Number of protein chains: 4
Amino acid sequence: MPGNTFGYLFRLTTFGESHGVAIGGVIDGCPAGISIDFEFIQQELDRRKPVYPGSTARKEPDLVEFLSGILNGKTLGTPIGFLVKNLAGQSSDYDDLSLLYRPSHADYTYEKKYGVPVCSGGGRASGRETVARVVAGAIAKLILKSSNIDIRAFISQVGSIVADLNLNNAFLSGGLRSPLGFLNEQMEQRALSQIAEAEKSGDTLGGIITCVIKGTPPGLGEPVFDKLQADLAKAMLSIGSAKAFEYGLGFSAASWKGSDYNDQMTMQEGKVTFLTNHDGGIQGGISNGEDIMFHIGFKPVPSVKMLQTTVNKKGEAAEITISGRHDTCHIPRLVVIVESMAALVLADHLLRNSTY
Amino acid sequence: MPGNTFGYLFRLTTFGESHGVAIGGVIDGCPAGISIDFEFIQQELDRRKPVYPGSTARKEPDLVEFLSGILNGKTLGTPIGFLVKNLAGQSSDYDDLSLLYRPSHADYTYEKKYGVPVCSGGGRASGRETVARVVAGAIAKLILKSSNIDIRAFISQVGSIVADLNLNNAFLSGGLRSPLGFLNEQMEQRALSQIAEAEKSGDTLGGIITCVIKGTPPGLGEPVFDKLQADLAKAMLSIGSAKAFEYGLGFSAASWKGSDYNDQMTMQEGKVTFLTNHDGGIQGGISNGEDIMFHIGFKPVPSVKMLQTTVNKKGEAAEITISGRHDTCHIPRLVVIVESMAALVLADHLLRNSTY
Amino acid sequence: MPGNTFGYLFRLTTFGESHGVAIGGVIDGCPAGISIDFEFIQQELDRRKPVYPGSTARKEPDLVEFLSGILNGKTLGTPIGFLVKNLAGQSSDYDDLSLLYRPSHADYTYEKKYGVPVCSGGGRASGRETVARVVAGAIAKLILKSSNIDIRAFISQVGSIVADLNLNNAFLSGGLRSPLGFLNEQMEQRALSQIAEAEKSGDTLGGIITCVIKGTPPGLGEPVFDKLQADLAKAMLSIGSAKAFEYGLGFSAASWKGSDYNDQMTMQEGKVTFLTNHDGGIQGGISNGEDIMFHIGFKPVPSVKMLQTTVNKKGEAAEITISGRHDTCHIPRLVVIVESMAALVLADHLLRNSTY
Amino acid sequence: MPGNTFGYLFRLTTFGESHGVAIGGVIDGCPAGISIDFEFIQQELDRRKPVYPGSTARKEPDLVEFLSGILNGKTLGTPIGFLVKNLAGQSSDYDDLSLLYRPSHADYTYEKKYGVPVCSGGGRASGRETVARVVAGAIAKLILKSSNIDIRAFISQVGSIVADLNLNNAFLSGGLRSPLGFLNEQMEQRALSQIAEAEKSGDTLGGIITCVIKGTPPGLGEPVFDKLQADLAKAMLSIGSAKAFEYGLGFSAASWKGSDYNDQMTMQEGKVTFLTNHDGGIQGGISNGEDIMFHIGFKPVPSVKMLQTTVNKKGEAAEITISGRHDTCHIPRLVVIVESMAALVLADHLLRNSTY
């Protein structure tokens, strides 16, 4: 039944319930001698909890404590154990719901699977589990950085506000995202106003995040099952509330003709050059050196403050109104999580491709 | 570097290049005592090569030979080795191309990764590798059948021909697909005429396949990384030419509001009942007992018969026109492959959920 | 490079250096609903540090803190994170040695492998890492207990003091070991006097531990590679200072004739009964229901207080006298560790055998 | 339940019953570009069936057929599928026994585990399964050869005939074994006469094999669980009839004092030099560059031609006399199998140590 380990050579095993003592993990397989930039890791963690209207603003510092595997700021090659304590338990927020299955949450399925009453507040199914992904992802980024691999995600949709993915835009050319991770400030303003509106009515929103990976060398990916896109898809769909993944042209490729779609090649300044990148940087399951680009779709936060129909644990029909602390829109918090999972996949495949 | 094993408790390891001696695999972890319906397995294999305009009609019987793990028609609990010989090698078809990288194929990336000249005709990257997936998937289906889990896929898009996924349609209610796996005959006729048109111009088409799994008990899926949808996404994205995966409402969920999206519950005839199934049968990474539904997007076949720009292995710009035997549209061949991969995931998770 | 995970369905991942912040681990795959007896776990941990002449008596309470996976005294089915803080660092004890490789320690090989200066005091190679094995082993024992599987080890040799393994002895019939884990009190007295003698001269001793597992049902073990004895051998040889493993008649079987060796069977009171148990409870890699018995040989503690020849990290010949806190004989501390590793193997195989 | 895969980066998955169609396997993770010496592989296979009095001399050519992963004599980096057909089925030899459990065989445990009648003749539990280990081991040896790692085993005991392991003997200094793999010709003569004697009385013999690995670089082994000796122990104990494993001084280390035992170091001609090798080339779970030496104890062949007590599958007491084709002493056949398993472990750890 174990399902809490990710990766083959750069392996993360995580633990922790949202209202337990701590969230943490063990990274096994991190090479020795990597310089650990603790400030960077903390910054990444802080990106998980940006402040904006309707965000839950759980007021925990989320300080990561490293327990092993690092000495004098460098990795030892031994497993890196770490944890982030849960300070703001507030489990009382959830007391009223303890007997009701919250719609489109994991309450019902966890109880069916494990046969034990589920922790209030989501327990292991809470988004708080992603704290461990971000810590490990930050270390993976440090490894990738030394190979000049750069991973950057941004919000390309929130509710009905959709980014214009014109490839000439500033962010994709190396510029900045908006403070909350939108493609640009204008989009952020429009999205925030839609979020504020949803907040007022007690409703919630979902969205789409786009991730671009620059600098990947050709050769990463292990066919036929551990293709690079297969592992990326698994990584992304393992994030709570993710419903969809596509890379390159994705679903829209289905309606293209081969002659238009194919990424034809030529030589430019002595180098193999692709005229287009419809394949999104991966061919035959292996990176081809072009930018890797993919999109992940997320459903709206299921905790709406409006009246919903549900059943209770005794098997009776009931009604529920979810109060307490919940995001109106969690997409701005997911940007760093998408990047972290991408970093875990890339670091793992970089190591897998380096053997022999 | 190993990447040719799929599954944790029901594990498939495959081997074989398209123009080598054989394609085959080993299934480890198949429970003892399963009755093997050899005729069914062969029928599944035959579904990989339907005859229609523009299909490559490789005239091999594709007979599977079982080498171990089965005695008197029942599994022994020991590994099941099997192979399908490659009879129609025809490697001469590929000779002219041997020095050119075919655009949007795996030629370039395989050579970059492995540093050896790639087999002509695709080698390991050829769709022929899926033969092994279908054999193992058929055995997985036999296991699932005894648990009343039924997996059926159909073509929901080819080129610009899109199925109307009205949930009241005949197939989803248990009726038949069209002979080639389309949602209905009318769609098949329209698609075949578009395929014929592409065939004439030497061009190719992609499409979308939808898969519906009925009868899954609640409880399958292993959070937080081996969520059921995460393993399904990996399985589907490991199929050659797949570019996208979504389950439930998928990408469109991004623009819904939580209050509309949530699958509210009630009691009907003493049973927990979901009023909608926007989540696609999986919540928190675990099946909830509702139909599991997902879609996979595939790019067009990259082997177009039209002139393309490319480079050769010496690093010179060149032109290529791919002749030889290639599908104009491979989507009808992928239906059984999608089902097979889904069966591998479900059988694996059924076993994973049965421990203790 | 990951090598810090043990088990397939009951999986332990550990971390921690001897003089770092903490030793800990994550147990993934523990079934839900297991009652956790915290007192028992602490008792098992305390068995790692019995007080006797020449023992290092590191005065740490070694209190285990559980961070997740347990609620109201029962397991949730989610990963169990835990740690034991390192309080008595005393790294100054090791300062003089920091530039010298201690003979028959791991100093030289760790530096060669990881290319970084090894933690003083053994770091990850210290016996202190076994703290995590004992915590996880104790939980495994709780699972096994509910299946009536009982694991008990005892010291069968220390230095030249050898136990008489007459099968009619009290311990093997369910009686008590000596306080320090010897087969009986008389042996303990003789061994303690030999330990005291070695202590006086600054020398050290090794020994042999015997483990008996009662109540194993037939059927545990997964041929051909994950045979029960193969996993037990790996488990035991992964313990620091272990040099040898044998089960049943072990090495001495090499000189028996088949006709004398074979465990012939008969029926007694309607049950299949083995007339002997030379095979040690495992045949063909699978338990047969008889007692499983095996022996593990351990070399003497390498930290002798006498003058030894060695080299320093600059590549110069040197001499070393190891002072500081070191066991004269670590065998009494290993009894619970042997049991813990056996419990991990048995719990894992119990789960592996329960699927489907 | 899967248990038929061995290795992490150099991975072998095997299949096949003794009287089924074939024995075979898949090697996944073999680097690309390795030159395959087919003649050498066949020679290794032939070493599995030396001719001597009392050997079963199954007259099969045991020709290996490679199905994938190799082109023009070089590996492609893709999985290597292979098989060896079972030609000399002779299942009639086993017919009388089909209802009786053969003592100290796997008949009883396989039936208890899998719940299906076991293949006659041992099925998956037959020594014939090792054919696949030898093929893969031979390829592993080719990889190791290019790193100058040399693995050689010899027979150090058969019945009561014990080799004198004086380290100055010819074989250990690079000379030859006897034709059947004994340390020298004189020992072979004495052993053969003891085997002939056992053959006459219908009895059987076991023995001990010693393996020496020269040329291992420092650094192989992945603490804390995948220590080099732990993986070697598992590999050896996974061989049918193996009962014991020890490396370096092994069990005898238990009675040494630390001051005598420790492998002290010095500098000689500018190189770190160990004065002794009691640790057997591995310290802290990692190779130190010295010769790796270990011993494996095997019980006698269980198929004796003398009358034995047993039970039948109906649960009745019975008697059995095993006729048919069986080795009187299988030790000469095991030499290449021990080397093959050692090669799998070393190749795997060589790759594991080469990442990053």
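1. By what turn, and with what shift along the axis, can chain B be laid on chain A? A turn of 180 degrees and a shift of 0.0 Å do it, giving an RMSD of 0.0 Å. That is the relation of a two-fold axis. The same surface serves both copies, with 100% of the contact residues of chain B recurring in chain A. Please keep in mind as you read on that this is a predicted model.

2. Now to the sheet in chain A. Its five strands form an open sheet in the order E1-E2-E3-E7-E4, and the pairing is antiparallel. Strand E1 (5-6) and strand E4 (64-66) of chain A are the edge strands, each pairing on one side only.

3. Within that sheet, have a look at strand E3 (residues 22-28) and strand E7 (residues 80-85) of chain A, which run antiparallel and are joined by six bridges. Here Ile23(A) stands opposite Val84(A) in E7(A).

4. In chain C, helix H3 (residues 130-145) packs with helix H7 (residues 331-353) at an angle of about 50 degrees, and their axes are 7 Å apart. H3(C) and H7(C) are therefore oblique to each other. The crossing of H3(C) past H7(C) is left-handed.

5. Which residues meet there? From H3(C) they include Val134(C), Ala140(C) and Leu144(C), and from H7(C) they include Met341(C), Leu344(C) and Ala347(C). By class, this contact of H3(C) with H7(C) has 13 nonpolar, three polar and three charged residues.

How values were computed. Residues numbered from 1 in each chain as written. Chains lettered and ligands numbered in written order. Predicted model: local features only at pLDDT ≥ 70, side-chain atom pairs only at ≥ 80, totals over all residues. Heavy atoms only, no water. Pairing = 2+ DSSP bridges. Helix = DSSP H or I, 4+ residues; strand = E, 2+ residues; numbered from the N terminus. Least-squares fit on C-alpha atoms with pLDDT ≥ 70 in both. Contact = heavy atoms within 4.5 Å. Axes fitted to C-alpha atoms, helices over the stretch in contact; angles between N-to-C directions. Parallel < 35°, antiparallel > 145°, perpendicular 65-115°, else oblique. Left-handed = near helix turned anticlockwise from the far one by under 90°. Nonpolar A, V, L, I, M, F, W, Y, C, P; charged D, E, K, R; others polar.
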